[in-house]
Amino acid sequence: MMKFIFCLFFSWFSMCVMIEGVWLINLVYIFLLFILVFKNFFFSSNFLLNIDLGMDMASYSLIILSFWITVLMYYSSENIFKNKNAVLYFGLCLSGLMFSLLLSFSSINLLSFYFFFEASLIPTLLIILGWGYQPERLQAGIYFLFYTLFASLPLLLCLIFIYLNFGSLDFLIFINMNSLSLFLFLSLSLAFLVKMPMFYSHLWLPKAHVEAPVSGSMILAGVLLKLGGYGLFRVLGLGLVSFIEYSSYLFGVSILGMFYVGLMCCRLNDLKALVAYSSVAHMALVICGIFSIYFWGMSGALMMMVAHGLASSGLFCVVNMYYERIGSRSLYLIKGFILLFPLFSLFFFCLCAANIAAPPTINLLSEIFLMVSILKYNNLMLFIFPVASYLGAVFTLFMFSYSQHGKINFGGYSVYNVNFREYLLLFLHLLPVNLMIVKIDYFLLLY
């Protein structure tokens, strides 16, 4: 009951503030973020922070990430507010999305989680269709919607089956169906694997990212992909034996997908598509960590989800800043920016370093955790995983060096200077990525 009172207060206050002014809603998010962060100091148990709010360490971390990314979405969307491009409706979409994410991550019932998991599609689709850049955004929205809905229908049928046989869908009630059939296993996991997305079911992601506005790309890469990993955490206990039995197939697809995506990124010239494809490679690591069923793998997957959410969101902000100045995302036109904006290039370099898991970022620790769990799962991964991880570093360094060095395009002489808002936006992405490594016990899933 306390959870719904908290969420209703959040939505009501957001609506009241938005009528007065959209920017004031940031105070609401920051205030609630402050409450959630400091509330954690009063709890010593990693298993369940608050039974009324339905939070454990996984949901708590992702709720904090959702609030943080939503605040940064407002700072990155200055052109929408400056041009008065349906500002009220844009704010309503962001508040509705935040509301559905908050209830998704704090649900203690599988059916309510499924409902809010699907409800998050609607505001995201409206953001892509309403404030996207190109006419192809309609096709991208259809891809995004129907990929997720098609994979989610078997999950709903499986939840009905579980309820009819066990009489409950609560997370707190231990339901173990032991050995599942292949159909039940796919029904439970396919919706979340498509959401992450796993290779072979990833085609909606580059389209949605390329056509979405910067705020849509930030919330997609920062939080919505993590709904898939969080869902796998929740359904893992329903059929642990079958998850272990079928995990080798998902391991193979994910690691090979990471390798293929690395090769594809080395030949892309669209910066936004390149960052979007890198998300597929990082989520492949998360899938391997979760299905390894090791403590290091599960904890590393949670760390990678939070770290990737911040680093990838920051890279999308950088790409959007280039797009606002040059009018293009092509690497053939974006060159020599280090001569124009050296401090801006420093922030870009730090975000690229986080993307390739360089110290002292939390990405490095998460990749070490995942590397140990993957190599412990099967020694054959020793031949594929290092090459796939190396390709991730190759295309990230290629993206940085190709865009920052070289001869400046003549069209670049008309670019305007970087303002304080953009520096603050990038700094707020980098600050938690580099500081979270000193407090990793929040990410260790000890239950």
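Let's start at Met305, which is found in helix α14; helices here are DSSP runs of H or I with at least four residues, strands are runs of E with at least two, and both are numbered from the N terminus. Before going further, note that this is a predicted model, in which local features need pLDDT of at least 70 and side-chain atom pairs count only at pLDDT 80 or more, while totals for chains, interfaces and linings use all residues. Residues are numbered from 1 along each chain as its sequence is written, and side-chain values use heavy atoms, with hydrogens and water left out.

Is Met305 buried or exposed? With a relative accessibility of 0%, Met305 counts as buried (buried is under 20% relative accessible area, exposed is over 50%, and partly exposed is in between, using a 1.4 Å probe and protein chains only). Setting aside neighbours within four places in sequence, Met305 is in contact with Leu65, Lys226, Gly229, Tyr230, Phe233 and Val286, where contact means heavy atoms within 4.5 Å.

Stepping back to the whole protein chain, we find 19 helices and zero strands. Buried residues account for 59% of its 447 residues. If we take contacts between residues at least 6 apart in sequence, 82% of them join residues at least 24 apart.

Not counting residues up to four places away in sequence, Phe344 touches Val318, Met321, Tyr322, Val418, Tyr423 and Leu426.

Phe344 also belongs to a cluster linked by ring pairs, together with Tyr322, Phe337, Phe341, Phe348, Phe349 and Phe400. Rings of Phe, Tyr and Trp (its six-membered ring) pair if their centres lie within 6.5 Å; planes under 30 degrees apart count as stacked, over 60 as edge-to-face and the rest as tilted. How many aromatic pairs does the whole structure hold? The search finds 25. One of them is the tilted pair of Phe144 and Trp204, at 5.4 Å centre to centre with 50° between the planes. Because Phe144 lies in helix α8 (residues 137-166) and Trp204 in helix α10 (residues 204-211), this pair ties together parts that are 60 residues apart in sequence. Phe144 is buried at 0% relative accessible area, and Trp204 is buried at 0% too.

Leaving aside neighbours within four places in sequence, Leu250 is in contact with Phe291, Phe185, Leu193 and Met198. Leu250 counts as buried at 11% relative accessibility.

Finally, the axes of helix α12 (residues 240-265) and helix α18 (residues 381-404) come within 8 Å and cross at roughly 30°. Axes are lines fitted to C-alpha atoms, for helices over the stretch in contact, and angles run from 0 to 180 degrees between N-to-C directions. Residues making this contact include Phe251, Ile255 and Phe259 of α12 and Ile384, Phe385 and Leu391 of α18.
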